[in-house]
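Thanks for coming. I will go through one model this morning, starting with the overall layout and ending with a single residue. Please have the sequence and the coordinates open.

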Amino acid sequence: MIAKVFKSTDNSLLFALENLKEEIEKEFNSFDFLIFSVHSKYDYNDINYYIKKVFKNADYVAFNGIDSFVDNSIVEGVSCCVIKFVKDGKISTFFIEDISFDNSLKQTVDYLNENKEKLHIIIGSLGSNKVKIGEFIEKLSLKLNYQPVNNIIGGISSGIINDNEAIVYQYIDNRIIKNGFVILSFENVSYEIGISLGFKPYGITYEVKKADDYKIYSIDDGKKFSDVIKNFMEKIDNKDIRYLWYTPIYFLDETDGYVATIRTIKDVKEEYIEFFGPIKRHQKFKFSFGDSEILLEEDKRNALDLKEKMPYPELIFNFSCIARQYVLEDKQKEEIELYTSILNAHLFGFFTFGEIGPDKNFKKLKLYNETSLLLALEEK
Amino acid sequence: MREKIKIKILQALLEEVTKKYDDSITEKEKLLQKMFEMAVNDSLTGLYNRQYMQNYLLNLIKKAKRNKNEKFAVIFLDLDNFKSINDSFGHNKGDEILKEVANILKNSFRECDLVSRYGGDEFVIIVENPSFEVLDNLKSRLRNIIETEFKDFGISVSIGFSCFPKDISNVKDEEEIINKLLTIADNRMYENKKERKDKKLS
C-alpha cells in the first residue's frame, strides 16, 4: 500500500480541494481511495458537490473533523488521506443514514458478522435524540457473533455547533449522513490496534445508583451526583466545565476483567450530570486525573507496544478525543509526533467527539471518551 | 493559570477522596456496631441476650480466679402470671409488657451491672461486688415497682439469687460454675415463688 496525507487550509472549500488535488497529482498517477476530513467552517451542503467536481469519479468518504491530523500537523481546514493498493488490498464502504435499534442495527450486525475477516473503520455522527451512537455501539457489540472483536475502530466526527445543530456529518455517494455512520472496510490488510487512556484512577469506588442515557442522577445510597460535582467545582473556584476534563470519571468494568472506560462531563445540571457516552446503573467508577505528561507517557507506551507487533506499518490512523486535546494543552502536537516518530509512517486522524474501539481484552466494542486510539496497518 | 487550576483540581480530588473514605469508614463502623448489637442483644427488649450473659459470666469467673476478692451475684427474675396475659390480651400486649419490664430493670440497676433476658418471661441480672443487704432490699423494691406498674394485669415477680464464690465450692470447671450459679438462682426463684403462693393460700 502506498498511502500519504495532504492538507490545505484555504478558506474556500473549492480552492482547498483544488490545492489538495494539485499536491496529490504530484505524487500519485492513480489511487484507489480518498478519505477527507473537512472542518465544519465549510458549508456542509457543498462538500459532496465540490469533491465530485474536483476529483471526478474518485471513490471517497468525507467527514467533519474540527481539526485533523496530517503526519505531525494539526490542520484546521481540509485534509486528505490517499490510499493506493499495490498488492491485494481493497476498500469497500457501508453506511447507515439513520441509526435505529431495529432495521439499521440488524443491517449493521449482519454486515459486520458477514465481513469478520475485514478491518472496519467506522466514522459516525452523534445519532439522534431517540438513538444515540453510544447506545447503538453497545447494542451492536452484544450482537456480534465472533471473538475477539479486534477489527473495528473509529471515531465520532467533530465540528462546530450552529443553532443547536452539531455539524458532525459524513459524506458519501452524494449523501450527507447526519444521524448515522460510514464504515470503511479494508480487505487483505494486516493491522494492529492500540488504546491509550492515560488517566490514572484515584481513591475509593462509587456506584451509579440512577442513570439514564448519558446521564448520572445519583450514586451510592442515593446521593445526587450533581451535588458532588458542584461541590468539586466550587473548590476549583471556576465554572468552566472543561477543567473537569482533567479529572474524568473512570469506569471499572469488573465483569470484563477490570477493563476501563473514561467518561467526560458534558454538562452539569441541577438533577444530573451529562456525559459524552452511555452510563449504566450499578456501574462502578472512580475519579481520575491526567495531565499532558501522564497522557504522553501512556501514548509512548502504546506506540511502542504497537511497534513491537507491527514494526513497519504503511499507514497510521489516530482517533483522539477533543477533550484529551484540552488536557494536552500546548503539547497537542506531541501526541502525533510521538506516534509518527515511533511508528515511522504517515498518520491521518482527527479530534473526535468520542472514540469507537474494542475494550482492552477485545471482547466488546466501546464508545470511549478522552482516549487516543491508534491503528497501524499494512497491505498483505 | 492552568497550573494553579490543576493544583486546585488535585486538592479537590484529594478532599473528595478523603471524604468518601471517611464516609465509608463511618458506614462500616455503623454496620459493625449494628452487627454487634444484633449478635449480643435480645431483639424484643434490647437487653443483652442469654449467650452474651453467659460469656460475660465466663469472663467474670476467669477474672475472679485471678483476683480472689472478686464477688458477684446472679439474680434470676421471673414474671408471675405472665402466661395469662398472653392468653387473655394477646401476644402483642405480652411483648409490650416484657419491653416495659426490661426498661424498669435497666433503670433499677447500675450501669456496671448486666441485665439480660434469659428467655420467655425470665431475666438474669449479674451484679458485681454486691452488698447483700442491697440484694435483699432489691427483691421487695423490684416487686413493688412491677406490681404497681402492672396492677391492672395482676403481674408480680419471683426473684432468686446465687452468689460467687459463696455458693460455689470445690467446682473448678468454668462452664460448670456457670450452670451451678444459674441453677441455684433458678431454684431459689422457684422457692420464692412457692413461698409467696403458699403465703397467699394460707
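A definition to begin with: helices (H or I, at least four residues) and strands (E, at least two) are DSSP runs, numbered from the N terminus. Counted that way, chain B has six helices and four strands. Their order from the N terminus is α-α-β-α-α-β-β-α-β-α. The radius of gyration of chain B is 24 Å, well over the 17 Å that the globule rule gives for 202 residues, so chain B is more spread out than a compact globule. That radius is taken over C-alpha atoms, and the rule is 2.2 Å times the number of residues to the power 0.38.

Some housekeeping. This is a predicted model, in which local features need pLDDT of at least 70 and side-chain atom pairs count only at pLDDT 80 or more, while totals for chains, interfaces and linings use all residues. Residues are numbered from 1 along each chain as its sequence is written, chains are lettered from A and ligands numbered from 1 in the order in which they are written, and side-chain values use heavy atoms, with hydrogens and water left out.

Back to chain B. Along its principal axes, the C-alpha trace spans about 100 × 50 × 25 Å. Domain 1 of chain B covers 1-39 and domain 2 covers 50-201; such bounds come from an automatic or database domain assignment. The C-alpha centres of these two domains are 46 Å apart. Of the 202 residues in chain B, 43% are buried, where buried means under 20% relative accessible area, exposed over 50%, and partly exposed in between (1.4 Å probe, protein chains only).

Now chain A. Its domain 1 is made of 2-196 + 293-379, and its domain 2 is 200-289. Here the C-alpha centres of the two domains lie 27 Å apart. Across the boundary, 20 residues of domain 1 of chain A are in contact with 24 residues of domain 2 of chain A, contact meaning heavy atoms within 4.5 Å.

Last, the single residue. Where does Arg2(B) sit? Arg2(B) belongs to helix H1 (residues 2-40) of chain B. Between Arg2(B) and Ala12(B), ten residues apart along the chain, the C-alpha separation is 15 Å. Arg2(B) is partly exposed, at a relative accessible area of 24%. Which residues does Arg2(B) touch, not counting those up to four places away in sequence? They are Tyr243(A), Tyr246(A), Tyr326(A) and Glu329(A).
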